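Let's take a walk through this structure, one piece at a time. Have the sequence and the 3D view side by side as you read.

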Amino acid sequence: MNLVTALDYAWIRTSPLFRHMMESGYTVTLIRGRTAREVLRAMEAEPRGSGEGTTGLIEADDVHRAEVDGDYWDESYVAGAFSVPGEHGDWTLVLGFDGGLGIAGACMRTLSKGGRVVAHSTNGGKPIHLFHWFEDGELRTTFEDPSTRDGSTPDELIPLLREVGFPLTLDGEHDENAPDVDRKAAVLALAERLTGIRVTESLLQDATYELGLVPEQPAEEWTGMFIDITDAHGGACAGNGLTRRSRRPQTGRGWRQTRRS
C-alpha cells in the first residue's frame, strides 16, 4: 500500500528546479497507457527532437521564446514528455513551463479513455494551483481548494486527501482544528497515490524528453470569469481554458540546473 504523504515531498521547498516551476508556471501531467509520442501528437505539438533533462527542455523553450521575439502574450510553449513506470503499467509524464495552461479538458478526456490522467499546475506570479483527475474519459475530481471540489465524483478522493495531509473533515469540509499542510507537497503526494509514480527532482532533471512545440490557441475576450475546463477550446489540446486569457509570467526563465558531482 502506498502511504506517501505531503512530508515525502518536503524537497520541493529547497529545490531550485521546483522554484523555477513555481515562478514560471508549470503543468505536470501523468497519462497511463499512452506513449510520449502519442501524447504530443494528441496535443497537436510540432516535433522538436529531444532534450536531455530539464536543462534541455528549458533551453528548447527559450529558443522558441526568442523565435517569437519574447512576445509576452504568446501562449505557445515547448512541452517535454517521457515514459515512466507506474501503477498498472507504463505512464507518460509531460512537463511544460507553460504558465499553468496545461492540456485542454477535451484532450484529457480523450487521453484518459481506457486509462487515467492526473495533472497539477501553478500559473506563476500570483499563483492559482489546480488539480485534475480524469478516469476513462471522465473528469472525476478537480479543485483549486480541496474543500471546494468539482467533477463527476467530487467526494471520492476525500479519504486520500485526508491521508496525504489536507486539513479536511470526514465530509470534505475545511477542518480548522487540523494542522496546516504544504498544499503543493500534498498535491504531489495525492498524484503519487493515484499513479504510483514518485516525482523527484532527479526524475525530472535527468530524463530524456521528447519535445514538441504546443501551438497557441485562439484567445477569447477576457471576462474575468473562470470557465469549465471540460468545455474549453472544443477538441483542441493545447490549453486547458481555465480562464478566457491566461498571461504568461515573465519570471524565472533564467534557471539552469546545476549537476551534482
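Strand 2 and strand 9 pair up in the antiparallel sense over five bridges, with E52 standing opposite T208 in strand 9. Before going further, some ground rules: this is a predicted model, in which local features need pLDDT of at least 70 and side-chain atom pairs count only at pLDDT 80 or more, while totals for chains, interfaces and linings use all residues. Residues are numbered from 1 along each chain as its sequence is written, and side-chain values use heavy atoms, with hydrogens and water left out. Helices (H or I, at least four residues) and strands (E, at least two) are DSSP runs numbered from the N terminus, and two strands pair if DSSP finds at least two bridges between them.

Strands of a sheet pair through backbone hydrogen bonds, either parallel or antiparallel.

Five bridges join strand 3 to strand 9, and the two run antiparallel; here A81 has E210 as its bridge partner in strand 9. With strand 4, strand 3 pairs over eight bridges, again in the antiparallel sense, and G86 stands opposite G89 there. Strand 3 and strand 4 also form a hairpin with two residues between them, and H88 in the turn has a positive phi of about 60°. Seven of the 10 residues of strand 3 are buried, where buried means under 20% relative accessible area, exposed over 50%, and partly exposed in between (1.4 Å probe, protein chains only).

Next along is strand 1. Six bridges join strand 1 to strand 4, with T27 opposite G96. Six bridges also join strand 1 to strand 5, with V28 opposite H120. In a regular strand the side chains alternate between the two faces of the sheet.

Contact means heavy atoms within 4.5 Å. Among the buried residues of helix 3 are G53, L57, I58 and H64, and what covers the buried residues includes helix 1 (16-24) and helix 7 (201-206). Just after helix 3, D69 takes a positive phi of about 60°.

Because 12 of its 13 residues are buried, helix 6 is largely enclosed by the rest of the structure. At its start, a side-chain oxygen of D182 reaches to within 3.2 Å of the backbone nitrogen of K184. After helix 6 comes G196, whose phi is positive, near 80°.

What about the inside? The largest nonpolar core has 46 residues, and M21, L93, L95, F131, F166 and Y209 touch the most other members. Helix 6 (residues 183-195) gives the most to this core, with eight residues. Such a core is a set of buried Ala, Val, Leu, Ile, Met, Phe, Trp, Tyr and Cys residues joined through side-chain atoms within 4.5 Å. Leaving aside its neighbours within four places in sequence, F131 is in contact with residues including V118, F143, L157, V187, L190 and L194. A second, separate core of 19 residues includes Y77, C107, M108 and V214.

One last stop is S112, found in helix 4 (residues 105-112). Is S112 buried or exposed? S112 is buried, with a relative accessible area of 0%. Beyond its neighbours within four places in sequence, S112 is in contact with V117, F134, E135, D136, G137 and E138.

Terms used. A polar contact is a pair of N or O atoms within 3.5 Å; within protein, one must be able to donate a hydrogen and the other to accept it, and residues adjacent in sequence count only if both atoms are side-chain atoms.
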